[in-house]
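Okay, thanks for coming, everyone.

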Amino acid sequence: MDPKAYLQITMFIDADKRPAAAKVFFNYLQPFLGKIEGALTKELLAHDEDVQVIHGFDSLEHAKEYLSSNLFTKHVAPVLKPTWPVDLGIRLHTVT
């Protein structure tokens, strides 16, 4: 199934903290895909100025629900927070 919605999280992470952030991505990749309702894909995009995680979902509703899930609020976000010098950029997209 192709994603019908995407959750894009942009993090402005200093270069020296990027390996720690990448480790979090890989540690939580399988729990995200296996336990989050509607989760289909997850990709890590690294740029010189930021790091983005693109999450693919079967619906916009499931993308929104992930942001309040235990996995995100109790596990992923707290572990990543020390690597963020500024707040996250969060965007939701639908596929038409």
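**Fold and helix packing**

So, the protein has three helices and four strands; those are DSSP runs, H or I of at least four residues for helices and E of at least two for strands, numbered from the N terminus. This is a predicted model, where local features need pLDDT of at least 70 and side-chain atom pairs count only at pLDDT 80 or more, while totals for chains, interfaces and linings use all residues. Residues are numbered from 1 along each chain as its sequence is written, and side-chain values use heavy atoms, with hydrogens and water left out.

Going along the sequence, you read β-α-β-β-α-α-β. The radius of gyration is 13 Å, close to the 12 Å from the globule rule for 96 residues, so the protein is as compact as a globular protein of that length. That radius is taken over C-alpha atoms, and the rule is 2.2 Å times the number of residues to the power 0.38. Along the principal axes, the C-alpha atoms fill a box of roughly 35 × 25 × 20 Å.

Now, how do helices α1 and α3 cross? The axes of α1, residues 18-35, and α3, residues 70-80, come within 9 Å and cross at roughly 165 degrees. Here axes are lines fitted to C-alpha atoms, for helices over the stretch in contact, and angles run from 0 to 180 degrees between N-to-C directions. The two are therefore roughly antiparallel, a label for angles over 145 degrees. On the α1 side, the contact (heavy atoms within 4.5 Å) uses A21, V24, Y28, P31 and F32, and on the α3 side L71, H75, V76, V79 and L80. By class, that's nine nonpolar, one polar and no charged residues; nonpolar covers Ala, Val, Leu, Ile, Met, Phe, Trp, Tyr, Cys and Pro, charged covers Asp, Glu, Lys and Arg, and the others, Gly among them, are polar.

Let's zoom in on two residues. F25 sits in helix α1. Is F25 buried or exposed? At 7% relative accessibility, F25 counts as buried; buried means under 20% relative accessible area, exposed over 50%, and partly exposed in between, with a 1.4 Å probe and protein chains only. Beyond its neighbours within four places in sequence, F25 contacts K42, E43, L44 and V53.

L40 is in strand β2, residues 39-46, and at 29% L40 counts as partly exposed. Leaving out residues up to four places away, L40 touches M1, D2, P3, L33, G56, F57 and D58.

How values were computed
Parallel < 35°, antiparallel > 145°, perpendicular 65-115°, else oblique.
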